[in-house]
Amino acid sequence: MGSVCFIVDAMVTGEMLPRHLKSIRESGVADHLLPILVTATQAQERLSAIEQRYHAHSLITPARPLGARLNKAAFASQAEWLIIALQKKPLSADLWGALYPQLNTYTLDALIIGFTRPTLSERILRRLLASALIFPPYIAVRRAWLERLGGFDPELDDNNAIDDFLQRLHACPTRLKTYSGHLLSQMDEPDDDPMLPNPEAVVTSRP
């Protein structure tokens, strides 16, 4: 597979951070092939213990927004693919093991990982609260494409940084697919819900 680096922000994952790292390390791939960068705003004893246990490396960026923290981690990594956590929800180790072979390709710029269609209650919530954003658990993006997009907005924090990046990802001619479970599928079916992303914008190809 192509070289991979995980970027997991301690503020995004919160108390679920250890579960994210445990899942990655239990995927069955040798540790040295899967560097993990944990971004945070301050050093903590708990973070140091987690870093040692899961062979991760922390990048402390005091008083910097999420966009700037993720950009710093992306710049520090030399991997071909960056897999970035976007919410608290961790994914199973089995999913990672099945995902890695999909990254051994030059026909994709990014993969939405673990994306599922929002439930009816989530869709109703999005209609009632415009700020109720629903993000996929992870995204894998090729380093070259992340750089082409200009990375994350370094001035934006939390959900705003993620939402802005995903919107730009969808607006560009990104070769983007979704990965759920053990199946890789294109989002090519029309969606009649105006609150959901336009599938034609999600799966695109370069001219």
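Q: Which residues in H8 are buried?
A: Ala-161, Ile-162, Phe-165, Leu-166, Leu-169 and His-170. Buried means under 20% relative accessible area, exposed over 50%, and partly exposed in between, with a 1.4 Å probe and protein chains only. Helices here are DSSP runs of H or I with at least four residues, strands are runs of E with at least two, and both are numbered from the N terminus.

Q: Before we go on, what kind of model is this?
A: This is a predicted model, in which local features need pLDDT of at least 70 and side-chain atom pairs count only at pLDDT 80 or more, while totals for chains, interfaces and linings use all residues. Residues are numbered from 1 along each chain as its sequence is written, and side-chain values use heavy atoms, with hydrogens and water left out.

Q: What's in the largest nonpolar core?
A: It has 30 residues, and Phe-6, Ile-83, Trp-96, Ile-113 and Tyr-138 have the most contacts inside it. A nonpolar core is a set of buried Ala, Val, Leu, Ile, Met, Phe, Trp, Tyr and Cys residues joined through side-chain atoms within 4.5 Å. Elements giving two or more residues to this core include strand E1 (4-9), helix H2 (17-25) and helix H5 (93-99).

Q: What does Trp-96 touch?
A: Leaving out residues up to four places away in sequence, Trp-96 touches Phe-6, Ser-23, Ile-24, Ser-27, Ile-83, Leu-91, Ile-113 and Tyr-138. Contact means heavy atoms within 4.5 Å.

Q: How many residues are in the other core?
A: That core, apart from the largest one, has 28 residues, among them Val-141, Trp-145, Phe-152 and Ala-161. Ala-161 is also one of the buried residues of H8.

Q: New topic: what is phi at His-55?
A: Near 55°, a positive value in a residue other than glycine. His-55 sits in the loop between H3 and strand E3 (57-60).

Q: Is His-55 buried or exposed?
A: Exposed, with a relative accessible area of 51%.

Q: What about Ala-63, where is that?
A: In the loop between E3 and helix H4 (66-76). Ala-63 has a positive phi of about 55° although it is not a glycine, and it is exposed, with a relative accessible area of 75%.
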